[in-house]
Amino acid sequence: MLKKPAALVVLDLLSLTLVPVVMLIIIVYTPVEVVMGPVQKVFYFHISAAWAGMVCFILGAVGGAGYLLTRRIRWDWLSSAAIEVGLVFSIITIFSGMIWARPIWNTWWVWDPRLTTTAIMTLIYLAYFILRAGVSTPEAQARLGAVFAILAALTVPLTFFSIRLFRTIHPVVIAPADGAGGAFSMSPRMLNTLLISLLVFTVLLVDLVWRRVRLAQFEFEMTREVE
Amino acid sequence: MKAIGAYLGVVWQILRKDIRVEWRGRQGLPVMLMFALMIVFLFNFALQLAPDVQAGLTSGLLWVSLAFASTLGLNRSISLERENNALDGLLLAPVDRSAIFFGKTLGNFCFTTLVGLLLLPVFSLFYGQNLIRAPLLLVMLLGLAAYTSLGTLLSALSIQARTRDVLLPVLLYPLALPILIAAVEASRGVLAEQPLAEMSSWIYLLLAGTLIFNAAGLLFFETILEE
Amino acid sequence: MATITLPPELLRIDVHSLVKRYHRHPVLNQLSLTINSGDFCLLVGDNGAGKTTLLRILAGLVRPSQGAATLCGADALSNPLVRREIGYVGHQPMVYQDLSAYENLLHSARLYQLENSEERISQALQALGLAAQQHQPVRALSRGLLQRLSLARATLHQPSILLFDEPYTSLDQEAAGFLDRSLQNWHRPERIILLAAHRPQRLLSLASHVAWLKDGRIDAHIPVSALAGSPELNNYLREVT
């Protein structure tokens with residue numbers, strides 16, 4: 001068994017402590033938004049999860065490119081780990097978005113650009129795993145997965161822009177409060193909280209991806225020993 | 001210069017061969033056309049809309065039919081190469097293998113465009129609108145250029161998997177969504193008699209998609225096919 | 001009929017520490033092999049030993065995990081021009097069912113940008129006894145005739161290097177005899193023939209060398225004349241046939 005590197009131990013501890021801390025901050029320190037009420041606080045997780053998902057998918061494409069250039073399996077570990085973690089964050093984004101939408105717009109789903117893009121991204125990355133599952137050799141999984149991960153990352157901006165050209169009812173985050181469109185202005189405390197959440201989710205992201213890569217490494221080592 | 005001639009010669013030969021095989025067997029095009037028509041009828045009965053509402057859905061329906069029919073064609077096109085391992089014959093040719101990508105893409109593009117051209121008068125008949133107009137043809141050509149290049153790339157990916165035929169739609173539709181959205185919106189604008197300039201964003205999106213996916217084909221096609 | 005395109009000194013197959021991995025355990029493991037101009041080398045080994053993989057790497061159809069396999073100094077995967085010198089016959093005939101033998105060869109001729117393609121094609125069809133069926137769709141051809149078409153396709157562009165992967169599989173007596181004669185014809189000082197054989201014994205009279213693929217590498221590579229001095233290989237050859 002590979003020994004856990006010190007840096008990872010630190011990251012684990014950081015993640016374990018920071019997440020409850022940021023939740024506390026959100027509940028206690030951050031003001032309640034005037035129009036939407038307490039449910040608005042979901043927003044901090046929602047945006048942070050979306051951010052984390054995006055970073056993961058870029059990481060997935062980078063891992064794919066790394067594999068294609070070097071043909072070293074470690075890059076594939078990074079790519080598939082990042083996409084797996086990113087998938088989780090995307091699903092969190094969607095569910096938190098739904099929780100936020102329900103009390104405010106009285107609907108579970110809103111067809112706005114960002115949420116729809118996230119939903120499509122989720123489908124794309126599920127397709128990634130379906131592709132990998134349908135291919136027989138690890139070499140092909142890595143190679144084809146890499147191409148698809150890069151392609152997928154390339155289409156995400158296209159998807160976003162195409163959907164954004166549609167009418168949106170997603171709140172514009174930093175704009176004068178006008179209630180009707182679901183927009184709200186952010187007080188300094190809210191801004192600070194958002195930045196802290198983003199930071200915490202980034203730490204969490206790195207921690208999860210690193211652990212998942214190690215898992216892939218263990219799997220690899222074990223199969224080698226079996227043969 | 002000679003090398004470019006050789007390259008283009010191979011692209012042209014692959015297109016020619018695909019046309020000749022289709023002409024000989026005549027199984028691809030009729031099936032694609034029939035499938036497209038079936039979808040039109042299906043939606044007609046499934047949606048049960050008032051005639052004026054139905055007319056507004058024309059562009060959406062057109063592109064859904066084209067997308068689904070095209071998938072049939074894409075599957076068939078790549079399966080042709082799989083039979084008897086004819087693809088190896090193409091891979092052995094003394095030119096850069098991206099020529100295979102462009103040859104196959106051109107073939108797919110031609111067949112799907114043919115289906116599209118045949119659909120236009122049919123739609124005009126069913127929905128009492130004149131779809132045979134130049135701007136719509138332009139949108140159709142651009143949309144199909146982007147769609148078939150992405151489709152050809154992904155069909156090469158999916159042929160490597162055990163789940164072959166079902167995998168292509170799973171991979172293609174989420175990635176092609178921006179293209180379809182842009183094509184539908186631009187078509188809708190044309191049918192609503194809007195000037196082409198108003199749909200410039202959609203057109204640019206289609207152009208961007210065509211460029212990106214063809215560039216991806218140039219870069220990745222060979223990697224997808226090597227073992 | 002042979003057109004010399006390369007001086008014999010340049011014509012060589014060089015395989016150096018080749019590794020190919022599909023799963024964890026490598027199929028080819030540090031395989032090294034050199035084949036010189038004029039050699040007709042039989043590649044023998046158990047099923048699944050890696051003969052097909054080696055041939056496909058040489059033909060540029062498979063990317064090695066490590067190491068290099070070059071023909072005339074360059075590898076076929078990254079150098080399209082080298083592929084001009086290669087004729088490959090695999091397990092499948094690489095043809096389009098709905099097209100005729102003639103059309104399939106025409107397709108191949110155009111892929112290789114051959115001059116006088118009409119002439120070459122009729123010559124090839126004649127030489128391989130396919131003239132009578134040349135305009136029938138390929139799906140109507142028997143296995144033996146399909147094999148001949150495959151040979152025609154592989155040799156149409158007069159390559160210097162011929163790679164055959166078990167070409168005798170499911171051939172009848174007549175077809176096998178025909179292939180024997182063709183191989184004899186093709187074996188020249190300015191060519192290399194590498195043939196993976198399922199039943200090598202009967203080919204020993206035609207070949208010049210034997211290479212034994214075992215455990216992912218070449219265990220022995222000797223001239224046929226020196227077989228007597230390798231009892232292990234000799235026994236293996238007798239057992240397999």
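Chain B has 23 residues in contact with 25 residues of chain A; contact means that the C-beta atoms, placed from the backbone, lie within 7 Å. This is a predicted model: local features need pLDDT of at least 70, side-chain atom pairs count only at pLDDT 80 or more, and totals for chains, interfaces and linings use all residues. Residues are numbered from 1 along each chain as its sequence is written, while chains are lettered from A and ligands numbered from 1 in the order in which they are written.

**Chain B against chain A**
- Helix 8 (164–191) and helix 9 (200–225) of chain B are the elements that give two or more residues to the side touching chain A. Helices (H or I, at least four residues) and strands (E, at least two) are DSSP runs, numbered from the N terminus.
- That side of chain B divides into 17 nonpolar, 5 polar and 1 charged residues. Ala, Val, Leu, Ile, Met, Phe, Trp, Tyr, Cys and Pro count as nonpolar, Asp, Glu, Lys and Arg as charged, and the others, Gly among them, as polar.

**Chain B against chain C**
- Here 24 residues of chain B are in contact with 27 residues of chain C.
- Helix 1 (2–25) and helix 5 (86–91) of chain B each supply at least two residues of the side that touches chain C.
- Helix 1 of chain B gives the most to that side, with 9 residues.
- The side of chain B that touches chain C holds 10 nonpolar, 6 polar and 8 charged residues.

**Helix 1 of chain B**
- Helix 1 of chain B has 24 residues and reaches 34 Å from first C-alpha to last, close to the expected 34 Å. The expected span is 1.5 Å times one less than the number of residues.
- Its buried residues include Val10(B), Ile14(B), Lys17(B) and Asp18(B). Buried means 20 or more other C-beta atoms within 10 Å of the residue's own, with C-beta atoms placed from the backbone.
- The buried residues of helix 1 pack against helix 2 (28–47), helix 4 (58–82), helix 5 and helix 6 (98–127) of chain B, together with helix 2 (101–111) of chain C.
- Arg26(B) follows helix 1 of chain B and has a positive phi, near 50°.

**Chain C**
- The secondary structure of chain C comes to 6 helices and 9 strands.
- Its C-alpha atoms fill a box of roughly 50 × 40 × 35 Å along the principal axes.
- Of the 241 residues of chain C, 47% count as buried.
- Among contacts in chain C with a separation of 6 or more, 68% come from residues 24 or more positions apart.

Key. Contact = placed C-beta atoms within 7 Å. Buried ≥ 20, exposed ≤ 12 C-beta atoms within 10 Å, placed from the backbone.
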